[in-house]
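This report describes selected local features of one protein model. Please consult the sequence and structure shown below while reading.

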Amino acid sequence: AVEVEESILGSILTEPGALDKALEVISAADFYKTLHRKTFEAIIDLHLHNEPVDMITVETKLKEMEVEVPGVFLPDLTRSVSSSYNIGYHCQIVKEKAIPRNLIPHGNELIKMAYNPGADAFDVVDEAQERMFGLVDHNEGHLHDIADVMQRVATKISLYQEGKEEIGLKTGLDFELVTNGFHRGQLYIIG
């Protein structure tokens with residue numbers, strides 16, 4: 001799965017929309033290799049601060065984070081990617097590998113709780129359920145500061161009002177005046 005992680009990072013560095021697709025499925029904690037995890041954290045941090053995500057900015061961010069980066073690490077990531085078309089599938093692979101890996105420490109802690117003679121059995125079961133559901137919750141750890149979110153929304157709105165940015169996928173149909181194009185997660189029925 002290390003090659004899949006590299007493919008995801010390379011796609012994000014070469015294709016602007018790839019990060020959004022990746023964030024729908026994975027978090028930094030899902031990466032196996034520490035360098036890959038730290039690289040993804042650097043990318044997310046840049047993205048949250050509306051900074052460009054490219055080899056130079058990511059390398060600079062990793063240095064700020066005091067992460068030791070081999071000289072050809074980032075260029076090698078981008079060279080190995082021909083397209084980001086399969087990023088969703090690749091992210092699913094990384095997520096599926098991370099779940100059992102993350103299950104081990106939770107399982108060990110639950111075993112300790114279960115062997116504790118003073119533990120309430122229902123509390124142990126509740127804790128087990130909470131931990132198991134937390135493993136598959138891909139949005140865990142993606143909380144954002146409301147001030148940053150509102151700033152990004154305000155910037156997008158002002159760019160849209162100035163005509164510098166479009167919202168939604170344009171179709172050329174008249175109903176765009178109402179919908180501003182197609183939007184992810186929306187169902188449009190045209191009759």
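## Backbone in the loops

Asn 50 is located in the loop that runs between helix H3 (34–48) and helix H4 (55–64). Helices here are DSSP runs of H or I with at least four residues, numbered from the N terminus. The phi angle of Asn 50 is near 55 degrees, a positive value in a residue other than glycine. Most residues other than glycine have a negative phi. Asn 50 counts as partly exposed because its relative accessibility is 48%; buried means under 20% relative accessible area, exposed means over 50%, and partly exposed lies in between (1.4 Å probe, protein chains only).

Glu 66 likewise is not a glycine and has a positive phi, of about 60 degrees. Glu 66 belongs to the loop between H4 and helix H5 (73–79). With a relative accessibility of 74%, Glu 66 counts as exposed.

## Basis of the model

The model is predicted: local features require pLDDT of at least 70 and side-chain atom pairs count only at pLDDT 80 or more, while totals for chains, interfaces and linings use all residues. Residues are numbered from 1 along each chain as its sequence is written, and side-chain values use heavy atoms, with hydrogens and water left out.

## Aromatic pair

The count of aromatic pairs comes to 1, where rings of Phe, Tyr and Trp (its six-membered ring) pair if their centres lie within 6.5 Å. The ring centres of Phe 31 and Phe 40 are 4.9 Å apart and the planes stand at 40 degrees, so the pair is tilted. Planes under 30 degrees apart count as stacked, those over 60 as edge-to-face, and the rest as tilted.

Phe 31 counts as buried, at 1% relative accessibility. Phe 40 also counts as buried, at 0%.

## Negative surface patch

Asp 120, Asp 123, Asp 126 and Glu 130 form a negative surface patch. Patch residues have over 30% relative accessible area and no salt bridge, with like charges joined within 9 Å; a salt bridge is a side-chain nitrogen of Lys or Arg within 4 Å of a carboxyl oxygen of Asp or Glu.

Glu 130 is part of helix H7 (residues 121–136). Because its relative accessibility is 58%, Glu 130 counts as exposed.

## Tyr 115 and Phe 182

Tyr 115 is found in helix H6 (residues 87–115) and is exposed, with a relative accessible area of 70%. Between Tyr 115 and Phe 182 there is a separation of 67 residues in sequence and 54 Å in space, C-alpha to C-alpha.

Notes
Patches are made of residues with over 30% relative accessible area and no salt bridge: like charges are joined within 9 Å, nonpolar side chains (Val, Leu, Ile, Met, Phe, Trp, Tyr) within 5 Å. Accessible areas come from the Shrake-Rupley method with a 1.4 Å probe; for residues, only the protein chains shown count as cover. Lys and Arg count as positive and Asp and Glu as negative; His and the chain ends are not counted. The place of a charge is taken as NZ of Lys, CZ of Arg, CG of Asp or CD of Glu. Helices (H or I, at least four residues) and strands (E, at least two) are DSSP runs, numbered from the N terminus.
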